[in-house]
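The structure comes before the entries.

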Amino acid sequence: LKQNFQQKTAEAEGLKLSLDRAETTLSAALQLIEKLGGERGRWDRQLQELTAELRRVPHKAMMAAAFITYLADEEEATRAATIARWGEVLGAGAAGLDFSLQRFLSSEGQLLSWKAQGLPGDTLSMDNALVIEYSRCVPFIIDPSSQATSWLVKHLQQGATVETVTPNEQRFSTALELSVRFGKTCVVQEVDTIEAVLVPIVRRDLLRQGPRWVVQVGEKQIDYNDSFRLILATRNQTPLLPPDSAALVTLVNFSVTRGGLEGQLLGLTIQHEQPELESQKSALLAAEEELKVHLEDLERLLLNELATSTGNILENKALLESLNETKAKSNTISEKLKQSTELQVSLDRQRDVYRPVAVIGSAVFFALVDLRRLSHMYQFSLPGFLRLFKASLAAPVGGGGG
């Protein structure tokens with residue numbers, strides 16, 4: 001009996017240890033399911049969103065290419081109407097497309113950095129900047145106020161050597177030749193038409209000489225560097241471009257429009273009244289980008305730990321603790337991203353408070369422009385009007401503009 005009792009006691013102890021081990025394993029399994037269950041739901045949603053977006057990418061790419069090719073010389077209303085018509089032509093395949101050139105080819109952070117460099121903040125200017133950035137043809141920029149050209153030179157200087165020249169300068173031919181040979185970016189300003197010396201370059205009439213390409217520049221054949229880029233700019237709103245020349249370039253029109261000027265004036269008003277709004281939005285977007293990168297790193301770490309774990313995953317305490325920590329950080333970051341989105345909506349509402357000022361300012365400018373129909377002596381430039389607008393913002397209430 002005593003021997004039988006000891007045997008049963010040992011069996012009971014073994015069963016108890018097995019039960020404890022099973023309970024520990026069950027607890028770890030439940031914990032793992034709880035932690036990864038939310039991840040699976042989020043991954044499933046992301047997969048559905050990415051699958052839907054992948055179906056729309058060909059349509060968006062086609063519309064972006066068409067926009068750059070055909071709409072860079074049009075104003076906002078024409079662009080919006082044409083894009084809507086293209087969406088109708090694409091039919092059911094473009095359902096839920098909601099195309100935006102800025103969202104497709106850029107990010108909020110990049111657009112804000114361009115704005116900080118001096119690019120006007122209206123939709124027309126931002127879209128035009130993207131056209132210049134991605135166009136395969138030589139951009140021909142119509143910029144009466146010279147704001148966009150100044151921004152472009154500053155922007156290009158960050159990543160390349162930029163040569164700025166006008167056709168009337170004595171060094172024009174030399175600067176052009178050196179730019180072609182050494183792969184500089186050549187910005188030719190005050191161009192009212194495409195000079196004959198520029199035609200072979202604009203048309204890319206390259207000739208093969210042994211291992212190298214050459215192009216005709218005036219009376220010389222110059223080695224062509226693949227890094228070379230040519231940009232033409234004019235302040236003339238009606239440059240003389242015959243059809244054969246216009247077909248060689250991408251016309252990018254920065255001429256002021258009512259909607260475009262409204263966006264510029266709104267930016268100036270906010271910069272004067274509440275400059276912290278722009279800085280808050282910039283900081284918010286920077287923080288959001290950083291959080292998204294961190295979240296992706298955590299997801300990658302989580303998958304890597306699951307893939308490289310050895311033995312029974314439910315008995316790997318170090319892995320379970322790491323998963324718990326990763327999941328907690330992921331939840332915190334997701335919550336911060338949600339708060340960031342809500343804060344951005346709030347900031348945009350605060351910006352819209354000043355929109356009536358911009359609407360009135362834009363209407364005043366175009367009323368002044370129409371005065372030249374009465375007399376040619378009434379000439380008002382956009383830079384001059386912007387100076388007056390800034391002065392009126394700085395003037396005390398009821399004190400006039402000076």
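I call a residue buried under 20% relative accessible area, exposed over 50%, and partly exposed in between (1.4 Å probe, protein chains only). This is a predicted model, in which local features need pLDDT of at least 70, side-chain atom pairs count only at pLDDT 80 or more, and totals for chains, interfaces and linings use all residues. Residues are numbered from 1 along each chain as its sequence is written, and side-chain values use heavy atoms, with hydrogens and water left out.

Entry on the sheet.
I took helices (H or I, at least four residues) and strands (E, at least two) as DSSP runs, numbered from the N terminus. Two strands pair if DSSP finds at least two bridges between them. I looked up the strand order and found an open, antiparallel sheet of three strands, β4-β5-β6. The edges are β4 (206–209) and β6 (220–223); each has a single partner strand, so one side of each lacks a neighbour in the sheet. From one strand to the next, the twist averages 40°; axes are lines fitted to C-alpha atoms, for helices over the stretch in contact, and angles run from 0 to 180 degrees between N-to-C directions.

I then checked the pairing of β4 with β5 (residues 212–217), which is antiparallel and runs over four bridges. Leu206 has Val215 in β5 as its bridge partner. Helix α7 (residues 172–182) packs on this sheet and touches β5 and β6, contact meaning heavy atoms within 4.5 Å. The direction of α7 makes about 35° with that of β6.

Entry on salt bridges.
I counted a salt bridge where a side-chain nitrogen of Lys or Arg lies within 4 Å of a carboxyl oxygen of Asp or Glu. Searching the whole structure, I found 13 salt bridges.

Which residue forms a salt bridge with Glu177? The partner is Lys220, with the closest N and O atoms 3.5 Å apart. Because Glu177 lies in helix α7 and Lys220 in strand β6, the pair ties together parts 43 residues apart in sequence. Glu177 is buried at 15% relative accessibility, while Lys220 is partly exposed at 46%.

I also looked up Asp352 and Arg355, a salt bridge with its closest N and O atoms 3.3 Å apart. Asp352 is partly exposed at 41%, and Arg355 is partly exposed at 31%.

Glu163 and Arg171 form a salt bridge with the closest N and O atoms 2.7 Å apart. Glu163 is buried at 17%, whereas Arg171 is partly exposed at 36%. Through shared partners, salt bridges join Glu163, Glu169, Arg171 and Lys184 into one network.
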